[in-house]
Each structure stands twice: as C-alpha cells, then as structure tokens.
Amino acid sequence: MKKLPPFKNEAYQDFSKKPVAAKLQAAIRKVRASFGREYALIIGGERLRSDQKLESRNPSDKKELIGIFQKATPEQGRQAVEVAHRAFQTWRYEPAEKRAERLLNVGKLMRQRRNELVAWCILEAGKTWAEADADVSEAIDFTEYYSRQALRLGGPQKTQPFPGEKPELRYIPLGVVVVIPPWNFPCAILCGMTFAALVSGNTVVLKPSSDTPGIGAQVADILVEAGFPEGVFNFVPGSGATVGNAMVEHPLTRMIAFTGSKEVGLDIVDRAAKVQPGQIWIKRVIAEMGGKNATIIDESADLDAAVPGTVAAAFGYQGQKCSAGSRIVVHQKLYDQFVEKFVPKVKALKVGPAADPTSNVGPVISQGAFDSIMSYIEIGKGEGKLLTGGEGDSSYGYYIQPTTFADVDPHARIAQEEIFGPVTAVMRAKNFDHALEIANCTEYGLTGAVFSANRKHLEKAREQFFCGNLYLNRKCTGALVGVHPFGGFNMSGTDSKAGGSDYLLLFTQAKSITEKITKAAKRK
C-alpha cells in the first residue's frame, strides 16, 4: 500500500453557488423518488425479513413515508452476533493495510454519493443543508483519519530495549462490536463508531436508530460494495428494548459502542456489566451520552463574535446536539447588552422544511421529541422570562420556534436537564468565578465555551471549566475529526475522544510479546 498523504478534513460545499445547489436539489429529488421502498436486514451477507416493521417518516412532512424497515427480533439479533463472531475468526487476521484499503474505498464511494447522503440527512433527519453536509463530511473524514490511525497501530510498537530479549507490543482486535448510534448524527456518528471497529479488525453488528434507519441502510450498502466480507458487517435495525438488549447481553458480544441518551447509556453499562453464562471476558463499553453545555461571556467579551456564536450553538440543528449551547452565562455588566443583541438574531431565524435552502431551523425529529420539548418550554415559562419563541406546530411536521429564556436560576430544571431541542437559558453571573461555578453545576461535562479578551480568564477556564471539549472565543459545537477529539466527562459519558489519535485503542487490546534471543534462534 502506497504511503498516504497527511490527513485533511473534507471541505464543506458552498450552496450559495447555483451549480452546487442544483446538484443537491437533484439528489433530493432522486432520494424522494425512492420513498416507500422496503429494506432488509443484513446478517452474514443474507438479506432477511422479519414479521414486524419500522416506518421512517420525514419529520419536515410526516405524511411522507421514507421507507419500511425490518424490526429485528431478539433471535435475529443473537443470530447476527453469532455470525459476526464466526466471521471474526478470519477477519481478525486481515492485515491492517487491507482493512485500511477497504475503508478508504468506503470513503471514495461516499464522495461519489455525497449529495445523496446529504439528501438522506435532510429528508430523514430534518437537517438543514449546511448541517447535513457537515454530517456527511465528518463521516468521510472518519474513513481517511481512522485508516491512517489503523496503519500507525497495525504493526509491532516500539518498546524499551533490553539486553538478550526482543520485546514488542501489538494491538489486536477485540471481537464482536455492537454499534448503537443516535439519530442526531445519523451518518457521522454511525460511521465513526462502525468504521473504527472494522478498521481495527473487529466485526460489527449495527443497530441504527429507529428514527433514522434509512441512512444506516445507505451506509450498509456502501460497506457491502466496498468489499467487506460477509458477516464482518451486519445491519440489524429494531427496538433497543428488544433486539438491542439481546445483543448487548449476548455472551459473545465483546464490546458495545453507544451514543445517545444518559438513561439508555447507563442501562447499557448496567447490562454489559453482568457476566452471562459462557462469557469469558469483561465487556468493554463506549457510552457517549448527554450534555448541558454552557457558554460563558465575560465583561471583556466581543459581543459581535459572542452573539452569532451562541445563536449557532443553541439553535444549530434545532438544538438537537449533545454539544448544543443550551446555557448562556453572561457577566452582569454585559447582560442587558447581550440580550439586546441576541434576541433579534434569534427572531430572524427562519423555521421551515429542511429541504428548503432558506430554512435556518428545521423540524425536531419526532412527535415524542416535540412533546417533550414543548413540555420543557411550559416549565420554562415558570422558571424564566420568555424572550423568543415558545410556540410549536406539529400539524404537518415537528416545528418549534427557537426559544430563549432569560433570568434563569442556574438550578432551575431548564438549566439542569437536557432538553435536546431549540431552547436555551440565559443566566447572570456576578464575576468570572461565579460564571465558572454556574458552568460546572450540572451532572454533565461535554462541551463548553468562553468568550473573553482577558487572558487570565481564558487560562483559568483551561484549568477549571470541567468539560471534555472546551472552546475559547468560538462556539461550543462543530468538532472536527483529528482537530477536536470529542467526548465528555461525568454523565456525558466515557470520554472516548472520537476523532482523536487514541480512539482506535478503545477497539483493541494490547499484547506484549517477548522472545529471548538464543543461539539456536539466531542460526534459524
């Protein structure tokens, strides 16, 4: 395999250019023309059906049936784990160079179908054009970045030399990895966890989110086309409470890679910790969960930078990001001035169908999400001053106006609980230490941001702002592969640092091998 050039992040598309926009419009029409078809499970290369089905609908227009998917049974989930375990017995010995070549082929195919994948994210996940393109770009980044990391880790690693011995360290794969991704980054996170597992030499059973199985099906087809052997990758949509739990609990499951809610993540940790009959290892779990992320704006901050940054972090993809800026902590000297500049920017956001290129804010993902968010807005009306939004409409899609509450107590429910929607709370701080105290006063610790021209404040934030991803003088969303390794503290998860140079180590185990140098060995 020829040497790869240095990794470079995939460039985003500029949809202000008419030819670029026209290509995406064509892709949206093409994907829409495929609506309503039925998709199969993939287990050991076979396309299988189940008696029960899942329906995926367009959250921008819930009348549109995107596709029908199999609702795998627990038995089919267990079958997939067993098939993957058999495939692991040969795949584990596939050289790192060959695994990397296959993953790079996946990246080539994804680039060829980039606009179609973007269209799927728009239509199935309700992402606006820019958000959908960023999602797919990140997925492509994972093919390139993790291939290079696999090559780096694939051979013997250097150890301290010792007279008379030949020591080495090798990173070997674990086994069957059950991948359970979320709906909010239905391409990027699904691909990131799946690709990391495969390129490290593991086999995968993928259970996509029931809200976005169509995007998972597109990735599954690409993996098959890229030449991953039968059984090495298996596609098993279905209910987390049934087939998901069956796969998590299976004694042949070696690892679970999960991203989603705190409640589900903790349940997976609990189930994985119980040793099943016949199980001979301790299951490894990646559990990346929620966030209640704070942006601090001190008295020296440049509001011309802070205001657009906080608007983007709070309402990008309708606030449906674990990294979303759902709390804004402003020094009391700038508080009124910040609110005066922030409110018009929020009110200027256009809410509409994600396929409309002029929409800034699309729908939330489902009726369940709509109901939950609206209930938090009602709570917020009793906990703060409503500045923007507060209204929703689920008559044809799941639309909620970007909602801002001011004068919120740091311990109020809307300041403590993850809402996962277009809702943010503005809070007043007496000084920078008080702002840090507010920022750190939740059970989460995923992302955070500080806008300040005060070097002492920035340095103090480096030391005392307790979160996995801290951003200084920029928004708290938008992590880039290789640039901002991503993962959080506390109840935000296991801090896996996806997109970082040590992420693949989580999918491997280290084997130390030492050979004593003898005369007989030298002769041979």
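In which strand is the place of Gly392? Select Gly392: its place is in strand β15.

Before going on, note that this is a predicted model, in which local features need pLDDT of at least 70, side-chain atom pairs count only at pLDDT 80 or more, and totals for chains, interfaces and linings use all residues. Residues are numbered from 1 along each chain as its sequence is written, and side-chain values use heavy atoms, with hydrogens and water left out. Helices (H or I, at least four residues) and strands (E, at least two) are DSSP runs, numbered from the N terminus.

**Stop 1**

With 37% relative accessibility, Gly392 counts as partly exposed; buried means under 20% relative accessible area, exposed over 50%, and partly exposed in between (1.4 Å probe, protein chains only). Leaving aside neighbours within four places in sequence, Gly392 is in contact with Phe370, Met374, Tyr399 and Ile400, where contact means heavy atoms within 4.5 Å. For a distance check, pick the C-alpha atoms of Gly392 and Asn469: they are separated by 32 Å, and the two residues are 77 residues apart along the chain.

Next select residues 367-381, which form helix α12. The 15 residues of α12 should span 21 Å at 1.5 Å a residue, and the end C-alpha atoms are 21 Å apart, which agrees. The expected span is 1.5 Å times one less than the number of residues. Colour Ala369, Phe370, Ile373, Met374, Tyr376, Ile377 and Gly380, the buried residues of α12. Looking down the axis of α12, these buried residues fall within an arc of 160°, so they line one face of the helix; the arc is that of the directions from the helix axis to the C-beta atoms. They pack against β15 (392-393), β16 (399-400), β17 (403-406), α13 (413-416) and β18 (423-429).

**Stop 2**

Move to Asp407, in the loop between β17 and α13. Asp407 is not a glycine, yet its phi is positive, about 55°. Most residues other than glycine have a negative phi. Asp407 is partly exposed, with a relative accessible area of 42%.

Asn490, in strand β22 (residues 489-490), also has a positive phi, near 55°, in a residue other than glycine. At 44% relative accessibility, Asn490 counts as partly exposed.

**Stop 3: helices α3 and α4**

Select residues 96-112, helix α3, whose 17 residues reach 25 Å from first C-alpha to last, close to the 24 Å expected at 1.5 Å a residue. Its buried residues are Ala96, Arg99, Ala100, Leu103, Leu104, Val106, Gly107, Leu109 and Met110. These pack against α2 (74-91), α4, α5 (129-153), α6 (188-199) and α7 (213-225).

Then select α4, residues 114-125. How many of the 12 residues of α4 are buried? The count is 11 of the 12, so α4 is largely enclosed by the rest of the structure. Among them are Trp120, Cys121, Ile122 and Leu123. Gly126 follows α4 and has a positive phi, near 75°.

**Stop 4: the nonpolar cores**

A nonpolar core is a set of buried Ala, Val, Leu, Ile, Met, Phe, Trp, Tyr and Cys residues joined through side-chain atoms within 4.5 Å. Of the 108 residues in the largest one, Met110, Ile122, Tyr146 and Phe195 touch the most other members. Centre on Phe195: not counting residues up to four places away in sequence, Phe195 touches Leu103, Val106, Met110, Ala139, Phe142, Thr143, Tyr146, Val219 and Leu223. A second, separate core of 22 residues includes Leu48, Val81, Ile256 and Ala272.

**Stop 5**

On a 1 Å grid over the protein atoms alone, a cavity is a set of points where a 1.4 Å probe fits but cannot get out, and a pocket is an open set with protein on both sides within 12 Å along at least five of seven lines; lining residues have an atom within 4 Å of a point. Grid points are joined across faces, edges and corners, and a volume is the space filled by probe spheres set on the points.

The whole structure holds 3 cavities of 30 Å³ or more. The largest cavity has a volume of about 80 Å³. Select Gly319, Lys321, Ala324, Ser326 and Phe420, the closest to its centre of the 14 residues that line it.

Finish at the second largest pocket, with about 840 Å³ of space. Of its 38 lining residues, Trp183, Phe258, Gly260, Ser261 and Val264 lie nearest the centre. At least two lining residues come from each of α8 (240-249), β10 (253-259), α9 (262-273) and α12.
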